[in-house]
Amino acid sequence: MAAGAVLIENVYVAPVAGPEIESGYIRIEGDRIAAVGPMTDLPGATDGATDGATDGATDGATDGAMGGAMGGATGGATDLTRIDGTGCLATPGLVNTHHHLYQWASQGLAQDATLFEWLVASYEVWAAMDAEVVRDAALAGLGHLALSGCTTSSDHHYLFPKGRGDLFAAGVEAARELGIRFHPARGSMDRGASRGGLPPDVVVERLDEILAATADAIDAHHDPSFSSKLRVAVAPCSPFSVSADLMTKAAELARDKGVRLHTHLAETLDEERLCLEQAGVRPVDYMEKLGWLGPDVWFAHTVHLSDSDIDRFAATGTGSAHCPSSNGRLGAGIARVSEMLRRGANVGLGVDGAASSELTTLSGEMRQALLFQRARYGPTALTARQALELATLGGARNLGRQDELGTLEPGKLADIALWRVDEPFASAVTDPVCALVFATRQPPLARLLAGGETLVEDGELRTVAHDAAGRAGARAHRRLLRLAEDRGVATTGRFRS
Ligand SMILES: [Zn+2]
């Protein structure tokens, strides 16, 4: 259901595209932004005269009940909800472009491991997951993201143990319940240890099964519309767990269906060594050979890139999801983000799976990205505004949705975060964007709208029971460990590598 007309007033607007507005308004009609401007351009903003401007503009504008239901209405009109944004910073809703939601259920394992050690310690635990674990983990993971200002998230799910229910649909169900825009990527692995891959054979699938299940997931769930809250991508897991044949056929399938491609790439030097050993080339060369560079592809991590790799990303429109907390946690390295931006390659942000980034917030990844780049390149390497752009427009580009998401402009979807920067501790910071990006603890989230609908209000989830969503994650964790133990997998003692 499209929301009615909403007017956010007296707010500091950081639209990402175009100049910032110190005291501005944002008008929403249906699920889109109708207008953005300074309060001085809003005639009769305080006397209700603006109500007439939206009268009859959309069908949703006549839905008077929505005004009361959303709260915060101060105007007398029945068809316009007014939100007082005094003391708030408005940004586009944040866009998360790399995640593994099921990992909410296995946080805290192999804390001091390299990527490969951590994967090997985790695979057999993950092999025990079922649809209930996935649904509960996704609800907690997506709820946690919404509480950090995120209105769109991808999810890369690549383990489908047999007889465990419809794991893909379980994630979709949680996202739908929450109302977040969801880009689930149907992942896969077909190269187990017996074929020189890293994962044990028990967690891999056959190539023909993978292609059929991926096509089914697209047919069942993908919505290509402008307002879409669900788009599916095709996402074999990584070069070290997937055959060249699967990579090639997955790209053919995605292009045939008109959906996007995603995988992990150039995350660690171990991966680079393995790729050289097995394929005779470095990871980006390998992917180029398989037809995997292009404007419909975004890779997770891309930490270890050469100058030529970066230039090829820029030339082909290939995107990257930068996941600084996860890269730090696994000691993978620091991606060359500021150089990538300078050379014209697109970069978005990702929190990565919770098992390698425990409780990481997307708002916090802006800060983490900024600090990593400055630690590597100096204090001008990445500004607060650039970090905000990574988390919004950069993410929207990764998902192919730059025309619909990522900035506060008329015609785009009304995905908006209102951050309370007048909160006593944050209010001493002169610049609201600085207060958001540099802060270790994010400013309180006054409101989060996705397509004009409220997902979060005053720091609480509104579309689902707030505490129950958190508890679902703890339940998923307990259930997964119990299921793993039932299969004879010891879960204690896995906290360290
Ligand atoms: Zn990942």
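1. The site of the zinc ion is irregular, with angles of 88 to 178° among its 4 donor atoms. The model is predicted: local features need pLDDT of at least 70 and side-chain atom pairs pLDDT 80 or more, while totals for chains, interfaces and linings use all residues. Residues are numbered from 1 along each chain as its sequence is written, and side-chain values use heavy atoms, without hydrogens or water.

2. His98 (NE2), His100 (NE2), His264 (NE2) and Asp352 (OD) are the protein donors, 2.1 to 2.5 Å from the zinc ion. Donors are N, O and S atoms within 2.8 Å of the metal (3.2 Å for Na, K and Ca); water is not among the atoms, so sites may look incomplete. Histidine 98 is buried, at a relative accessible area of 0%, and histidine 100 is buried at 2%; buried means under 20% (1.4 Å probe, protein chains only).

3. His264 also belongs to the residues that lie nearest the centre of the largest cavity, together with Leu115, Trp118, Leu119 and Tyr158. A cavity is a set of points on a 1 Å grid over the protein atoms alone where a 1.4 Å probe fits but cannot get out, and lining residues have an atom within 4 Å of a point.

4. Just after helix H13, glycine 378 takes a positive phi of about 110°. Helices are DSSP runs (H or I, at least four residues), numbered from the N terminus.

Technical notes:
1 Å grid on protein atoms, 1.4 Å probe; cavity = no way out; pocket = protein on both sides within 12 Å on 5 of 7 lines; lining within 4 Å. Helix = DSSP H or I, 4+ residues; strand = E, 2+ residues; numbered from the N terminus. Tetrahedral: all angles 85-135°; square planar, octahedral: opposite > 155°, others 65-115°. Buried < 20%, exposed > 50% of the residue type's maximum accessible area, 1.4 Å probe, protein only.
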